[in-house]
Amino acid sequence: MTDWTNICSLEDLVPDTGVCALVEGKQVAIFRFGDGETVYAISNYDPFGKANVLSRGILGSIGERPVVASPLYKQHFDLTSGECLEDDAVKLEHFPVRIENGIVQVSSAA
Amino acid sequence: MSKKRIIVVGNGMVGHNFLATMAESEKASEFELITFSEEPRLAYDRVQLSKYFSGATAADLALTTESEYDDSGITYLKNEKVVEIDADNKTITTSTGRIEGYDKLVLATGSYPFVPPIPGKDQDHCLVYRTIEDLEAISASAEVSKTGVVVGGGLLGLEAANALKEAGLDTHVVEFAPRLMAVQLDEGGGNLLRHKIESLGVSVHTEKNTKEIVAGEECRYRMNFADGSHLETDMILFSAGIRPQDELARQFGIDVGERGGIVINDYCQTSEEDIYAIGECALWDSKIFGLVAPGYQMAKVTAAHITDTLVNLKTPELAFKGADMSTKLKLLGVDVASIGDAHGHTAGSQSFVFSDDIEEVYKRLIVSADGKKLLGAVLVGETESYGTLLQLMLNDMDIPGNPAALILPALGDEAPAGLGVTALPDTAQICSCYDVSKGDIAAAVQGGCCTMGDIKGATKATSGCGGCAALTKQVMDAELEALGVEVNNDLCEHFAYTRAELADIIRVKGYASFKDVLQGHGKGHGCEICKPTIGSILASYKNEYVLKDDLMPLQDTNDIFLGNMQKDGTYSVVPRVPGGEITPDKLIAIGEIAKEFDLYTKITGGQRIDLFGAQLHELPKIWEKLIAAGLETGHAYGKALRTVKSCVGSTWCRYGVLDSVSMAVALEHRYKGLRAPHKIKFGVSGCTRECAEAQSKDIGVIATESGWNLYVCGNGGMRPRHADLFATDLDDETLIKYIDRVLMFYVRTADRLQRTSVWLENLEGGLDYLREVVIDDKLDICGELENDMTRVVGTYQCEWKTTVESPEKLKRFSHFINAAEEDNNLLYVRERGQRRPATDNERIELVELTAEKH
Ligand code: SRM
Ligand SMILES: Cc1cc2nc3c(=O)[nH]c(=O)nc-3n(C[C@H](O)[C@H](O)[C@H](O)COP(=O)(O)OP(=O)(O)OC[C@H]3O[C@@H](n4cnc5c(N)ncnc54)[C@H](O)[C@@H]3O)c2cc1C
Ligand code: SF4
Ligand code: FES
């Protein structure tokens, strides 16, 4: 059974931006994609820049894939899978995330 | 094998070009290069000599430096004239008595100004126009003169007249012939040129033969003419033609022409096989070539000949076959061009004339008897078609359609007559200064060049007189298109527009949000390229708070938290220090805040203070304190105005002529917060010593005795560029007006992340065009540009002040949205009394420790 952690209310997420949450010791970047209820969660750690910053990147799309661009060196990460578009060998952890009664919830079980 | 010694007599434009070609040659190591210069300095750009009067220094004009020669292994002796040649023993002797042997001798002694043998010509204020020393003498004389006369109404004479006029003299041109520029222009062209020049306030006197120069009554001198009339003047500048400097050849048995000039063959050899002559001193086929391009061609031929003859003879011979003397230039602001047989001397030739007295344009075409080939042309007042016409003539191409169409103005929507560059053969010479052909440019494009800057770097085209810029760009674009590179200037996959186009769309439609722009003109969700670009354009025009909910997602790495992100994810804090001026109290406040938050502190390269290592949650606290101390955001994070660097100026400095600090502070306050395609930096210096390095800034301002000189589009950074002198002697108000216009025109038309330097280099028409837009308001947009700037100035806010006053916004400034903890990945080491991020090696320990915890 998935173990959901309450993070914040959906209202706390400005459309098309991200925040970082601490979920059972892990830094998770949570993004609100568009101004609706679409949210994604991947690891906050940028393996190229070696810093916990991905939640501060710009959101966008490459083809059909929703992505975040790292604020340090601009590599793109697929928000649904954590894959790096520039480097096949790199895949970040991604996390189940949902909205329940206006509350954003994340599961640390990747 | 010992090296062959090559001695070059004269280090002028052509001598230098020869040396540079030799030094770059594959066989450079086989030669020892030595040059003697009679002048006190190494080669400089004589073609641009007149720029000296608009502020260019000897260093600006220099074509090389001593260290460049040292690096290339070229030995040079300045102030040392060669006075003897011993062709039998292959030695030369100099004015200091030095004797040197050579294997090959190259005479590149140029020419000297001809001064007609008029009694009284040798007085103090009777000068010539050829060297930097001449210009210094002219400047000095102009300072104590009110009226100036140029003797000679040719190309150089008119350039000299311009210089006198700029120096503020009441200027006259005295010409022996019945019209100006008799060599290049026909009667119609000469008359229009005269009319235009006279309306600029320069008096022209034709058919005047000066008999004597005597003491004047109202002025220093009086010139008496053969027809009984006279003219009073304080100074006289002779520009009555040039004579080849062939003295050495004449004295030491080398053949010279009847009317002067060292006779050369197709390989530039003189009557002595091992002695060459190149440039203006050389006479080929009874002709002297008084332009730099043919000289460069001779230099190339000679270098090829010397390197081949001394080694082996494999490569096909390169020979000098004469040169085209067509010219295009701006004289006293009037566009003038002359192509080929401008006078219609060719037997059976016919001509077409177009003359428009209202627009003041005169054009004449000379075509062959059958009307198919272009032989020559004269253009005055409008020279846009110069490139096309020149190519038609040089390549002996058939005139497309009716020749008259080539000079008739385009009416209505019709495309102007002409021919596309695609019609040119690959061998067509595009840049004559550096002999770059269409094929060379095509090859450069195939090799990956796709900007004018790239082409310039790869082929040197446009880096001489610059006259070939328009044509070079056309060739480049056509080649790019032919390669299928489909000159794609789309911003990204979401917008099929350039940044400039998007800026127009947003301005005209008045869009205020990314969403509207995307819906109207784009697709997908946007990305890290189009979002900040559009965010920046919106900011340039609307200037709203950048962290407003719908603007925030557009902000790049630094803007989104109003700080520069460092390698470990922390931020730097840079308060604005306008003009670099700061009170002790503010310094103390900064010091105390830095101490409290243990921030690494450094004076930046931009005259302010950077505090590093602030975590997200600390930023608002730090800024609250800075704001309380009277400081505001420095926009170090934005593509926006950064710093206005100043020198201390007239307030304290014993040399300062204007108050550079006050001006810098005023400019920084005016433009702070202006978001632009890239960052913008200013410098303001209080005098010409230039301690603020204004000429390396996007906008540079330098004080002079008579006002501010404005320089534009300089750059430090990865590819430094000296700023160009844009306008001189401005009062405060005009200075600011011009800066407003330049900056807003840049905001409108530049590409994304294009500094002003690159922008100007890619701006078609370059500096002249920018002047036309900004000073003459050619596009009739200056009013709009000023309004746009007024809006930005009027809506300024310190973004940090707005932020610390907004509890909603402050929520984002913590590492975790759901916990008070800090980022556990930060690790610091102390060095020289301050903290800095740990290096990867220093971190290893920490990583192991955290791993253990799991
Ligand atoms: C802090 C500072 C270095 C210092 O310790 O002195 C600095 C730091 C950075 N510079 Fe710089 N530059 C600093 C003065 C300069 C100068 C000197 C000057 O301004 O007189 C130059 C050359 C002058 C010029 O720009 O023409 C300079 C040319 C660059 C360039 C190259 C720009 C170019 O056109 O070639 C970049 C890269 C870019 O902008 O794309 C750059 C980029 C950067 C960035 C933003 C790199 C980055 O992406 O992290 C650095 C971060 C700043 C920060 O974290 O605060 N920095 N940088 C200086 C801040 C000055 C200030 O008070 O704002
Ligand atoms: C104001 C001005 C504007 C011009 N504008 C243009 C233009 O727009 N387009 C164009 O194509 N051309 C222009 N020209 C012409 C162009 O500058 C010349 O064609 C070019 O400089 C010729 O180069 P050169 O090396 O042959 O001669 P120079 O550049 O004159 O160099 C000759 C050098 O040799 C030195 N020298 C002479 N004798 C000796 C000796 N015995 N020992 C040692 N050194 C010696 C001289 O002092 C001089 O430094 C202009 C010239 C002037 C003066
Ligand atoms: S530029 Fe001139 S005024 Fe300014 S500090 Fe230097 S010497 Fe003084
Ligand atoms: S023609 Fe002079 S730079 Fe190209």
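I began with the contact between the two chains and counted 21 residue pairs in polar contact between chain B and chain A, both residues at pLDDT 80 or more. A polar contact is a pair of N or O atoms within 3.5 Å; within protein, one must be able to donate a hydrogen and the other to accept it, and residues adjacent in sequence count only if both atoms are side-chain atoms.

The model is predicted: local features need pLDDT of at least 70, side-chain atom pairs count only at pLDDT 80 or more, and totals for chains, interfaces and linings use all residues. Residues are numbered from 1 along each chain as its sequence is written, chains are lettered from A and ligands numbered from 1 in the order written, and side-chain values use heavy atoms, without hydrogens and water.

I then looked up salt bridges (a side-chain nitrogen of Lys or Arg within 4 Å of a carboxyl oxygen of Asp or Glu). Four lie between chain B and chain A. One of them joins Asp840(B) to Lys50(A), with the closest N and O atoms 3.1 Å apart.

Asp274(B) and Lys104(B) form one at 2.7 Å, N to O. This pair links distant parts of the chain, 170 residues apart. Both Asp274(B) and Lys104(B) are buried (under 20% relative accessible area with a 1.4 Å probe, protein chains only; exposed is over 50%, partly exposed in between).

Glu280(B) and Arg130(B) form another salt bridge, at 2.9 Å between the closest N and O atoms. These residues are 150 apart in the chain, and Glu280(B) and Arg130(B) are both buried.

How values were computed: Helix = DSSP H or I, 4+ residues; strand = E, 2+ residues; numbered from the N terminus.
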